[in-house]
Amino acid sequence: MSKPLPLPRDWTSTWLSLFVASAMGFLASLGVVVSVGADRLADSWTSELAARATVIVPAPSGQERVTPEQLAAVVEVITRTPGVAGARALSQAEMAALVSPWLGDDEGVIGDLPLPHLIDVVMTGEDPRTEARLRQALSEAAPLAELDAHGRWIDRLRPASEQVRQLAFTALGLVGLASALVVALACSAGLSAQIAVVDVLKLIGAQDRYISRIFTRRFRWLVLIGSGIGVALAVLMLMGARIFGMETAGTVESVAPLLPTLEPTPLLLGLLALVPILFALIATLAARISVRWTLRRREG
Amino acid sequence: MIQFSGTGLRYRQGTQALRGVNLDIEAGSLHFLTGPSGAGKSTFLRLLYFALRPTSGKLTIFGEDTNKISRVEIARLRRRIGVVFQDFQLLDHMTVFDNVALPLIVAGRREHEYRANVLEMLEWVKLSHKVDAKPPFLSGGEKQRVGIARAMVSVPDLILADEPTGSVDPEMGERIMALFREMHRLGNTVIIATHDLEMVRRSGAPVLRIEDGTVARYGPGGRASLPPPPGAIAEGATR
């Protein structure tokens, strides 16, 4: 193999290619983070709801309120049911918080109302038999108690979460396509700056593929380095967001399942590592097409 | 080796640069190409190194019809042709050594295979002391000599030179002409476009004169023994 032919130092196209690749690498990385986050979010919406249930315990007829003993007995029945990981009766304060948007914060007013008691049930998984067992157990121990397995919410959330997922991946696809086009344009601009070299090489008998190899090698490296910088910046931002508490999930425990997580899992980091490689492949292809097209156009 | 058969070339904007040229250029011959400025000398040479294709008639080089060969074939055939360009066509970011070695690098040769050849060529054109210099730091004459060395380093079958002595002093001009004669003596075909009729007369080689798009051959094998005086109009092409 003969020594590789150097190209002239063209700082404009070098910096342009590096900057464009960095910016698009950064945007593509954010696209990946958001898409993976949205995917996890869609999963968490349904799995959180499917793995939880609420038992509503009204006061038995003839009684104004459920006694603590009666409530404890229902919790005990629920906890013993196979497939249930735990159950907990909501405290008076939690009940007050739930109705406070409508009735205000006066616990005295809320305490006077004949509100049913709520038991939060956490199940071990999405086993449909658990719901049937719970209904059976409750019908025997507390016939008035109602089980809300969140089925109607799940039925509504499933298509919504699927739409969120599709939207996120469509956005990622568009960012990828835009990145490919911008990188291709940067390669083309870089090639135009070196057209004198192309002409000389052609005149002394260089084959198209030889010229193409020189340019694709240059742009492959520039885009690999540039997009690598972009991805690194995105990862730093992701880590910064976690360190400085910008990650919204976790700031309000009750809404955590409704918000995307920015956790840098191996899957996410693996996908981010693929971004520069994909960009380098795109640059190789774009530079090859640009060179061949330019050579054909110049020779008529 | 080169056959023009009713060859014509009309540029897209309508200028008829060459018309109905019939001419055979034998392998191993040395020809001078003369004619007034703008007569079509460069166009004639560009046809010979495949930068242009005839718009009428036929041109055959190395047995290949230039209108029928592929781009890959053109690149392969260009490696058999050494061209000295009037505007040098050097790569400014590369050293003199690498510029001269360029045809060999492109052909896939390794440096240890061509190093001695390149240095010998540079010695011939008296540029041994400029091996590592870059073209922007060379004079016009030095650039011309780099271009000549590059055209000859691969010992091509056909050497085309467009005003090769235009930028050099008479002594260097003689030296360069000696180099062309040496290449001719080795059996290579050489065509030199020049305005220097005194040099043409001294050489005694046949002359191709271009005027008004036609080409006439003078000298040995042509219609006259000497090149025509400036301004003479050829009546037609000869074979």
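A: By relative accessible area (1.4 Å probe, protein chains only), a residue is buried under 20%, exposed over 50% and partly exposed in between. The model is predicted, with local features needing pLDDT of at least 70 and side-chain atom pairs pLDDT 80 or more, while totals for chains, interfaces and linings use all residues. Residues are numbered from 1 along each chain as written, chains are lettered from A and ligands numbered from 1 in the order written, and side-chain values use heavy atoms, without hydrogens or water.

B:Arg76 forms a salt bridge with B:Glu73, their closest N and O atoms lying 2.6 Å apart (a salt bridge is a Lys or Arg side-chain nitrogen within 4 Å of an Asp or Glu carboxyl oxygen). Both residues belong to α2 of chain B, three residues apart, or about one turn of the helix (helices, H or I, of at least four residues and strands, E, of at least two are DSSP runs numbered from the N terminus). B:Glu73 is partly exposed because its relative accessible area is 23%.

A salt bridge also joins B:Arg76 to B:Glu64, at 3.7 Å from N to O. At 25% relative accessibility, B:Glu64 counts as partly exposed.

The picture then extends to chain A. B:Arg71 meets A:Asp208 in a salt bridge, with 2.5 Å between the closest N and O atoms. The elements giving two or more residues to the side of chain B that touches chain A are α2 (71-78), α3 (96-106) and α4 (111-124) of chain B. The count of salt bridges between chain B and chain A is one. A:Lys202 joins A:Asp208 and B:Arg71 in a network of salt bridges.

Just after α7 of chain A, A:Gly205 has a positive phi of about 100 degrees.

The contact as a whole takes 23 residues from chain B and 21 residues from chain A (contact means heavy atoms within 4.5 Å). Over all chains, the whole structure holds 17 salt bridges.
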